Amino acid sequence: MLGQMQSQPLLISSLIVHAERHHASGEIVSRRVEGDIHRTAWGQIALRSRQVAHALDGLGLAFGDRVATLAWNGYRHLELYFGVSGTGRVLHTLNPRLHPEQLAWIVNHAEDSAVCFDMTFLPLVQAVAAKCPTVKHWIALCDADKLPADSGIPGLQSYETWMGDCPTDYPWPEFDENSASSMCYTSGTTGNPKAALYSHRSTILHAFSAALPDSLNLSARDSVLPVVPMFHVNAWGLPYSAAATGCKLVFPGPAMDGKSIYELLESEKVTMAAGVPTVWQMLLGHLQQNKLRFSTLKRTVIGGSACPPAMIHAFNETYGVTVLHAWGMTEMSPLGTVCTLKNPQLALSPEEQTKVLLKQGRAVYGVDMKIVDESGKELPWDGKSYGDLLVRGPWIIASYFKGEGGDPLRYDEQGKGWFPTGDVATIDADGFMQITDRSKDVIKSGGEWISSIDVENIAMAHPAVAMAACVGMKHPKWDERPIVVVVKKPGAEVTREELLAFYEGKIAKWQIPDDVVFVDAIPLGATGKMQKMHLRQQLKDYVLPTA
Ligand code: AMP
């Protein structure tokens with residue numbers, strides 16, 4: 001017997017329809033490329049996303065065609081999120097921090113038909129346009145009077161001219177909820193980048209789960225600042241969850257320095273902000289140097305890489321801001337776990353609670369996870385056993401775009417497919433998952449694992465250290481030994497010996513790095529993540545003192 005409830009496909013257009021009908025006056029504030037602050041509301045975003053839909057039809061693009069963006073977080077990008085996907089085309093968010101060659105490769109692989117870009121990226125577009133034969137339309141996200149006369153880009157139009165005169169009514173089409181809605185290429189530490197292709201269904205289900213109280217806890221009373229770029233896993237799905245809940249969105253545009261972010265947090269009464277640890281490092285530095293406080297910020301989602309204890313401590317203890325340590329992947333839309341306490345943890349001492357909050361957290365509804373050993377056998381949830389972390393769920397990748405890399409899943413005895421995350425983790429009896437390392441980046445010394453995250457966290461707790469990366473170096477006896485590569489804070493001093501002594505008593509003696517290498521900068525990926533492969537290349541002539 002079938003249930004007798006209404007059947008409606010889960011489509012992204014339903015989010016903007018809801019936002020317009022129920023939250024039309026909900027504010028959308030953006031710092032623009034020009035530096036000014038732009039104000040609009042969900043009602044206007046809905047109206048203009050319908051104009052975008054008309055304008056896309058005018059280009060003659062087919063259902064499923066890819067429309068790329070090269071853009072900061074801002075209101076026009078938000079309109080494209082709904083306008084492109086709402087019509088059944090696929091929004092392809094390009095990462096503007098990539099090398100032009102990589103970018104051209106990705107545009108060609110995705111076979112993008114159109115590219116909408118912020119004027120900041122005009123030089124990048126000029127460098128790649130001739131190498132992207134599939135792109136028939138280049139649209140600059142600016143007013144008509146900001147368009148340069150001699151850009152060298154054939155047929156370049158301003159966004160406002162392109163969509164501005166289109167009708168404001170548009171009947172959003174109904175189609176299969178499993179249709180592709182957006183795509184994102186992963187940074188990829190090896191080989192060519194691969195794309196995760198999200199569907200309408202996966203995106204809507206993710207939006208529901210992300211908004212739950214023990215996830216990001218979003219409501220119409222929130223003012224949310226996504227520092228996480230809209231070109232990285234759809235800004236962790238925040239634009240969709242925000243439309244569903246009607247919260248205010250505050251977009252930082254290109255200004256991601258501590259001072260600019262702090263100004264927006266205060267002026268727009270932001271209650272929740274989301275980003276990677278490196279961004280918060282800059283923000284905390286700005287607060288400390290200028291003896292500032294937050295007046296409205298209640299919580300901050302930190303993910304993308306492990307949140308150092310010193311950062312959790314600073315937010316929680318010094319500034320009274322709750323840190324939501326979250327973990328996920330491009331292949332997971334991205335949300336997998338968020339760290340919020342349950343009743344048993346509330347009864348723990350503050351020190352014990354902090355230990356729990358350092359973990360990546362509990363699986364949100366919709367995500368199942370397990371840890372397995374090398375033979376694929378599931379390991380116990382005892383907080384000690386560690387193994388490869390596998391996940392499954394309706395917003396987790398089944399295969400990469402164009403089938404690149406073959407079938408990525410591992411199958412259990414019942415034939416259920418699990419996605420191997422490449423992360424190594426423990427899970428405790430209460431379901432709190434903790435990443436101990438990445439399988440591609442793990443340090444194995446004499447047959448024993450050393451967590452590069454632990455080694456980095458300790459270095460980061462030293463007052464003179466701005467950034468630390470732990471990498472494994474070949475060792476004749478132990479196979480690998482860890483070293484820690486350190487960037488000092490401006491004007492601060494610490495010697496190799498002092499830093500190594502700082503490790504004493506904090507981890508097992510054999511886990512203490514063999515050396516400290518001071519550098520001016522650690523190579524960072526587009527999303528602020530440390531690029532250890534590049535770092536290892538930089539250190540190719542390095543010889544361990546113990547080798
Ligand atoms: P990406 O697909 O670029 O978002 O990268 C996903 C990877 O980033 C994960 O597989 C983890 O290795 C890492 N990652 C994401 N969030 C965290 C976190 N909270 N702690 C540690 N590693 C993380």
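A polar contact is a pair of N or O atoms within 3.5 Å; within protein, one must be able to donate a hydrogen and the other to accept it, and residues adjacent in sequence count only if both atoms are side-chain atoms. The model is predicted, so local features need pLDDT of at least 70 and side-chain atom pairs count only at pLDDT 80 or more, while totals for chains, interfaces and linings use all residues. Residues are numbered from 1 along each chain as its sequence is written, and side-chain values use heavy atoms, with hydrogens and water left out.

A polar side-chain atom of Thr330 lies 2.7 Å from an oxygen atom of the ligand. A nitrogen atom of the ligand is 3.1 Å from an N or O atom in the side chain of His325, and a ligand nitrogen is 3.0 Å from a polar backbone atom of Gly304. On its own the ligand has 490 Å² of accessible area (Shrake-Rupley method, 1.4 Å probe), of which the protein covers 94%.

The shell around the ligand divides into four nonpolar, nine polar and three charged residues. Here Ala, Val, Leu, Ile, Met, Phe, Trp, Tyr, Cys and Pro count as nonpolar, Asp, Glu, Lys and Arg as charged, and the others, Gly among them, as polar. Strand 14 (322-328) supplies four residues, the largest share of this shell; strands are DSSP runs (E, at least two residues), numbered from the N terminus.
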